[in-house]
Amino acid sequence: MLEKEGVGSIVFSRWRRDCFPTAISMEYQRSRAARDFSLKKKDVGEDKLVKIRALNEIARQRGQTLAEMAVAWVLRDPRVTSALVGASKVSQVDDNVAALKNLKFSAEELGTIDGVLAQ
């Protein structure tokens with residue numbers, strides 16, 4: 001619809017490495033998922049963690065963190081006119097800026113990401 005009408009989109013949200021840790025650890029205990037605050041524990045089931053781990057592996061192969069890849073993935077779409085990325089720490093701003101180092105995705109990477117998200 002956006003493309004058909006010639007309208008852009010402002011997107012908000014991203015996967016952050018401290019939001020969905022891949023293992024139970026001190027990092028998990030400090031995460032929003034563990035605190036059951038704005039992100040509810042019930043919303044982060046094993047099915048989502050499987051996807052996150054798979055996406056994290058794709059990001060690793062690209063030489064990026066999951067947060068960096070998420071920002072790059074959003075920015076690849078010309079219908080996205082702005083991406084609002086939340087940052088409460090300097091390290092999160094660094095992740096956002098670092099995403100700009102690798103904005104290109106191969107057709108294979110995009111297919112793999114689509115496959116993970118479709119599961």
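Author: Let us start with a helix pair. Contact means heavy atoms within 4.5 Å. In this predicted model, Lys 51, Ala 54, Leu 55 and Ile 58 of α4 meet Thr 112, Ile 113, Val 116 and Leu 117 of α7. By class, this contact of α4 with α7 comprises six nonpolar, one polar and one charged residues. Here Ala, Val, Leu, Ile, Met, Phe, Trp, Tyr, Cys and Pro count as nonpolar, Asp, Glu, Lys and Arg as charged, and the others, Gly among them, as polar.

Reader: Which conventions apply to the numbering and the atoms?

Author: Residues are numbered from 1 along each chain as its sequence is written, and side-chain values use heavy atoms, with hydrogens and water left out. As this is a predicted model, local features need pLDDT of at least 70 and side-chain atom pairs count only at pLDDT 80 or more, whereas totals for chains, interfaces and linings use all residues.

Reader: At what angle do α4 and α7 pack?

Author: Two packed helices are described by the angle between their axes and the distance between the axes. The axes are lines fitted to C-alpha atoms, for helices over the stretch in contact, and angles run from 0 to 180 degrees between N-to-C directions. For α4 and α7 the angle is about 170 degrees, and the axes lie 9 Å apart. The two helices are therefore roughly antiparallel, a label for angles over 145 degrees.

Reader: Which elements does the protein contain, and in what order do they run?

Author: Helices (H or I, at least four residues) and strands (E, at least two) are DSSP runs, numbered from the N terminus. The protein has seven helices and two strands, in the order α-β-α-α-α-α-β-α-α.

Reader: Which residues form the largest nonpolar core?

Author: In soluble globular proteins, nonpolar side chains tend to be buried together. A nonpolar core is a set of buried Ala, Val, Leu, Ile, Met, Phe, Trp, Tyr and Cys residues joined through side-chain atoms within 4.5 Å. Buried means under 20% relative accessible area, exposed over 50%, and partly exposed in between (1.4 Å probe, protein chains only). The largest core here has eleven residues: Leu 49, Ile 52, Leu 55, Ile 58, Ala 59, Leu 66, Met 69, Ala 72, Phe 105, Ile 113 and Val 116. The elements giving two or more residues to it are α4 (46-61), α5 (66-75) and α7 (107-118), and α4 gives the most, with five.

Reader: Is Leu 55 buried or exposed?

Author: Leu 55, in helix α4, is buried, with a relative accessible area of 6%. Its C-alpha atom is separated by 7.2 Å from that of Val 116, 61 residues apart along the chain. Leu 55 is also among the contacts of Met 69 beyond four places in sequence, which include Ile 58, Phe 105 and Ile 113.

Reader: Where do Ala 99 and Gly 63 lie?

Author: Ala 99 is in the loop between α6 (90-98) and α7, and is buried at 0% relative accessible area. Leaving aside neighbours within four places in sequence, Ala 99 touches Gln 64, Glu 68, Val 71 and Ala 72. Gly 63, in the loop between α4 and α5, counts as exposed at 63% relative accessibility.

Reader: Where is confidence lowest, and where is it highest?

Author: pLDDT is the predictor's confidence in each residue, from 0 to 100. Its mean over the protein is 79, and 73% of residues reach 70 or more. Confidence is lowest in helix α2 (residues 26-30), at a mean of 50, and highest in α7, at 96.

Conventions
Parallel < 35°, antiparallel > 145°, perpendicular 65-115°, else oblique.
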